[in-house]
Amino acid sequence: MRPHATTLQEPPTLAVGTEKAETVLTGAQVLIESLVREGVDTLFGYPGGAVLHIYDALYHARDRLTHYLVRHEQGAVHMADGYARATGKVGVALVTSGPGATNAVTGIATAHMDSIPIVVITGQVPTAVLGTDAFQEVDTFGVTRHCSKHNFMVHEADDLPGVLKESFYLARSGRPGPVVVDLPKDLTAKPIRSRYPDESELPSYRPPRPAPLEQVQRAVEQLLSAERPVLYVGGGVVSADATTELIQLAERLGIPVTPTLMGLGGFPSAHNLCLGMLGMHGTYCANMAISEADLIVAVGVRFDDRVTGKLEEFAPEATIVHIDIDPSSIDKIIAVDVPLQGDAKRVLRQLLESLPEPAACQAVRNGRKPWLDRTEQWKREVPLSYEPSDEVILPQFLMEQIYLHTRGEAIVSTDVGQHQMWAAQYHRLNGPRQWLTSGGLGTMGYGLPAGIGAQIGRRDRMVVAIVGDGGFQMTSSELATAVQYEANVKVVIMNNHYLGMVRQWQEFFYENRYSHVRMDATPDFVKLAEAFGAKGLRTSNPKELPGLLSEAFATPGVVVMDIHVARQDNVYPMVPSGASLKEMVLR
């Protein structure tokens with residue numbers, strides 16, 4: 001039976017939107033009740049002195065809230081992040097003050113860069129000793145100010161219900177992101193009489209309404225008249241659950257689609273209109289299509305430097321329509337011709353509703369046959385490819401085999417590095433919320449804890465955590481969390497005994513001067529897995545790989561696979577830093 005956290009036989013209630021507030025709760029009890037009111041049933045955390053009142057309240061709420069004990073606070077936030085990405089809900093993490101909060105910062109920054117809705121509750125020293133360098137005191141409010149969507153320092157106990165309501169509202173609305181609540185210990189023990197609000201009223205914060213109709217009409221005119229259009233889509237499509245509308249628009253008008261790393265799964269990889277990922281390690285077809293397009297409709301993207309390459313030569317002939325919920329993202333990197341501020345799902349629906357009758361759309365599709373033929377030619381001429389080997393497992397072969405054995409139904413989480421790019425290139429995705437990766441911050445160690453969080457949120461799905469031997473060692477202690485809570489997580493370690501992506505850059509740009517990138521001493525990952533109570537498997541033989549994957553994926557619970565691959569293989573295509581997308585190194 002899966003262990004879970006802990007309740008009063010008759011739990012106290014918090015009056016919500018009524019005049020009845022006879023039951024007086026402590027700050028800690030209010031926190032628990034507030035989480036329940038927001039629909040939270042899962043949180044990840046690590047206890048400490050500043051949050052002991054909260055953990056005592058959790059003990060009395062175990063039938064309503066399941067707490068997952070992690071092995072490091074960074075792991076707690078990554079798990080909340082993975083949970084949010086896989087479920088679409090707000091993830092929640094709870095950590096103590098001082099080092100608990102600072103350990104959580106990497107996870108908070110990761111979620112911030114990728115616009116992931118989480119609420120992180122950090123304990124703080126009592127208000128009476130704030131600013132005295134008390135034991136385990138740190139300025140969490142200041143530290144997290146620039147790596148969160150918003151943060152709060154709670155100064156008065158009666159402010160807590162309103163702060164928590166606003167935190168969840170901010171995390172999930174508009175452009176999603178992490179919200180930090182720093183809560184002094186004494187406030188968690190004080191009685192609170194204020195009521196939990198029905199709604200959040202933030203006069204200075206207004207998530208966008210539907211896009212202006214005149215702008216929508218301008219965009220439609222461009223969609224109908226363009227000869228070489230491309231839909232360039234990012235993580236905003238996934239977070240807005242806009243896949244259905246995206247497919248409809250692409251199919252109705254015959255527009256090829258290229259996703260960013262964060263947008264993978266937002267459009268089915270096997271769809272005939274999918275060009276594959278674009279950018280630094282994107283496909284030849286996607287990068288050529290973007291470079292020669294006369295219209296780019298960018299949906300939920302940031303025009304990241306890993307995507308655009310040399311800005312002056314990005315899409316030089318294209319009119320650009322940019323759909324984004326965050327007004328600060330529009331015109332930030334690239335000057336756009338038609339800005340459409342709004343939720344991706346809603347704006348795509350507006351575009352669909354403004355299109356002409358089916359016969360007119362069919363005529364538009366027919367007129368784009370030369371463009372679609374050209375993109376298909378690029379796919380045929382320069383596909384993603386590698387030379388098979390009977391002697392060594394090639395990383396590309398590994399990713400293809402994972403896809404074949406899971407039939408694309410698993411949730412995939414990754415660390416950061418070469419394995420991440422090979423997975424993005426060769427592991428196709430059937431739909432959204434199947435792909436978890438640190439895109440903006442590039443956080444090594446993300447893959448395993450994020451995968452655990454995803455599996456806890458989606459017990460009906462197997463999770464495959466594809467990690468490198470370097471990144472895995474950063475958070476491998478979370479294997480204990482996975483085993484304790486019987487998570488169906490299969491860990492694939494792509495073991496090349498190098499910090500592979502750094503080594504690749506040193507090969508390309510530093511004349512093979514490999515400076516401190518070789519992993520000369522690594523654990524026996526099979527024994528490590530067994531020490532944690534998981535199953536461990538290993539191979540370096542390509543003929544053994546299919547059988548090993550079959551065994552691993554058929555085994556219940558946590559399995560760690562130590563897959564030894566070619567040591568100095570490189571990720572291609574590659575656009576060198578500062579080059580244009582057309583200047584791809586193909587092999």
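The buried residues of helix α17 are Gly447, Leu448, Pro449, Ala450, Gly451, Ile452, Gly453, Ala454, Gln455 and Ile456, in a model that is predicted. Because 10 of the 11 residues of this helix, which spans residues 447-457, are buried, α17 is largely enclosed by the rest of the structure.

**Close-up of the crossing of helices α10 and α14.** The axes of α10 (residues 284-292) and α14 (residues 369-381) come within 8 Å and cross at roughly 145 degrees, and the crossing is right-handed. On the α10 side the contact is made by Tyr284, Cys285, Met288, Ala289 and Glu292, while α14 contributes Trp371, Arg374, Thr375, Trp378 and Lys379.

**Close-up of the parallel strands β2 and β3.** Strand β2 (residues 42-45) and strand β3 (residues 66-69) run parallel and are joined by 4 bridges, with Phe44 standing opposite Tyr68 of β3.

Arg206 lies in the loop between β8 (191-192) and α7 (213-225). With a relative accessible area of 49%, Arg206 is partly exposed, since the cut-off for an exposed residue is over 50%. Arg206 and Ser173 are separated by 33 residues in sequence, and their C-alpha atoms are 9.3 Å apart in space.

Notes: Residues are numbered from 1 along each chain as its sequence is written. This is a predicted model: local features need pLDDT of at least 70, side-chain atom pairs count only at pLDDT 80 or more; totals for chains, interfaces and linings use all residues. Side-chain values use heavy atoms; hydrogens and water are left out. Axes are lines fitted to C-alpha atoms, for helices over the stretch in contact, and angles run from 0 to 180 degrees between N-to-C directions. Helices (H or I, at least four residues) and strands (E, at least two) are DSSP runs, numbered from the N terminus. A crossing is left-handed if the near helix is turned anticlockwise from the far one by less than a right angle, and right-handed if clockwise. Contact means heavy atoms within 4.5 Å. Two strands pair if DSSP finds at least two bridges between them. Buried means under 20% relative accessible area, exposed over 50%, partly exposed in between (1.4 Å probe, protein chains only).
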